[in-house]
Amino acid sequence: MEARGEKTHTCGTICLKYLLFLFNILFWLAGGAVLAVGVWTLVEKSDYISLLNSSFYSASAYILIAAGVIVIMTGIIGCCATLKEMKSLLIVYLILLLCIFLLEIIAGVLAYINYQELDDELRQNLKVTMQQKYQQPGEESVTQAVDKLQQEFKCCGSNNFSDWRDSVWIQAADNTRLVPDSCCKTPSDLCGHRDHPSNIYKVEGGCILKLEDFILSQLYILGAVSIGIAFLQLVGMMFTCCLYQNLKEDPY
């Protein structure tokens with residue numbers, strides 16, 4: 001009976017080890033995905049940072065990168081703790097999982113609050129930024145961001161194409177354009193002379209709503225990923241606790 005109990009105990013421990021090891025692989029892949037999203041956000045969408053007065057967009061990208069690195073490192077620690085059966089390392093791993101879980105909750109709340117502020121900021125400042133800074137000396141990053149925004153989202157102006165009528169650049173004496181060339185459906189030099197719907201994004205609406213929808217969709221994706229990772233963490237913490245109870249005392 002004693003031998004049978006020992007064998008059952010050993011089988012249970014082995015199963016827990018493999019389950020926790022599988023969890024760590026999934027957790028490691030999730031961390032890689034978060035890291036990739038952070039790098040993509042920073043590299044591909046960094047032009048939009050110049051359109052915002054706050055550092056929320058760039059800060060969120062750096063937070064994602066840091067979170068991805070921490071998750072990957074935590075997964076490596078978890079694999080080592082599982083394979084080496086070290087109870088002390090399992091405790092460190094469990095604490096890291098708990099800390100990441102709590103940080104995700106805090107980050108989620110802050111992201112929701114900051115989105116409301118970011119939405120208000122976009123509505124207040126995007127139109128002014130376009131009208132006052134586009135094609136102005138020293139504002140090359142804004143000009144590039146506006147051109148990319150209008151082409152990528154197929155829009156013209158903040159609210160609509162008429163916003164450009166009050167632009168400092170449009171009102172300049174040597175400028176005969178009605179809108180920037182980036183408003184054109186097929187951009188070419190001086191194509192902004194005509195503001196006909198067949199030539200520019202006139203009826204498609206302004207950029208503010210499309211940029212808001214884009215940011216909101218990104219938050220939804222991040223929220224879904226965070227919920228998935230949080231669920232994995234709860235499962236991982238449960239497996240870790242079970243494995244901790246089944247292992248012999250770590251002599252080290």
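The structure does hold three disulfides. A search of the whole structure also finds three aromatic pairs.

This is a predicted model, in which local features need pLDDT of at least 70, side-chain atom pairs count only at pLDDT 80 or more, and totals for chains, interfaces and linings use all residues. Residues are numbered from 1 along each chain as its sequence is written, and side-chain values use heavy atoms, with hydrogens and water left out.

- Cys79 has a relative accessible area of 18%, so Cys79 is buried. Buried means under 20% relative accessible area, exposed means over 50%, and partly exposed is in between (1.4 Å probe, protein chains only).
- Cys241 has 39% relative accessibility and therefore counts as partly exposed.

**Disulfide Cys155–Cys207**

- The sulfur atoms of Cys155 and Cys207 are 2.0 Å apart, and the two residues form a disulfide.
- Cys155 lies in the loop between helix H4 (140-152) and helix H5 (207-246), and Cys207 lies in helix H5, so the pair ties together parts that are 52 residues apart in sequence. Helices (H or I, at least four residues) and strands (E, at least two) are DSSP runs, numbered from the N terminus.
- The link of Cys155 and Cys207 is right-handed, with 100° about the S-S bond.
- Both ends are covered: Cys155 is buried, and so is Cys207.

**Disulfide Cys156–Cys183**

- Cys156 is joined to Cys183 by a disulfide, S to S 2.1 Å.
- Both Cys156 and Cys183 sit in the loop between H4 and H5, and the pair links distant parts of the chain, 27 residues apart.
- The torsion about the S-S bond of Cys156 and Cys183 is about 85°, so this disulfide is right-handed.
- Cys156 has a relative accessible area of 0% and is buried. Cys183 counts as buried at 0% relative accessibility.

**Disulfide Cys184–Cys191**

- Cys184 and Cys191 are joined by a disulfide, S to S 2.2 Å.
- About the S-S bond of Cys184 and Cys191 the torsion is about 115°, so the disulfide is right-handed.
- Cys184 is buried, with a relative accessible area of 0%. Cys191 counts as buried at 10% relative accessibility.

**Pairing pattern**

- With the bonded cysteines of the protein numbered in sequence order, the pairing reads 1-6, 2-3, 4-5.

**Aromatic cluster**

- Tyr134, Trp164 and Trp169 form one aromatic cluster. Rings of Phe, Tyr and Trp (its six-membered ring) pair if their centres lie within 6.5 Å; planes under 30 degrees apart count as stacked, over 60 as edge-to-face and the rest as tilted.
- Three aromatic pairs are found in the whole structure. In one of them, the rings of Tyr134 and Trp164 have centres 5.0 Å apart and planes at 65°, so the pair is edge-to-face.
- Tyr134 is in the loop between helix H3 (87-133) and H4, Trp164 is in the loop between H4 and H5, and this pair links distant parts of the chain, 30 residues apart.
- Tyr134 and Trp164 are both buried.
- The rings of Tyr134 and Trp169 have centres 5.2 Å apart and planes at 70°, so this pair is edge-to-face.
- Trp169 lies in the loop between H4 and H5 and Tyr134 in the loop between H3 and H4, so the pair ties together parts that are 35 residues apart in sequence.
- Tyr134 and Trp169 are both buried.

Key: A disulfide is a pair of cysteine sulfur atoms within 2.5 Å.
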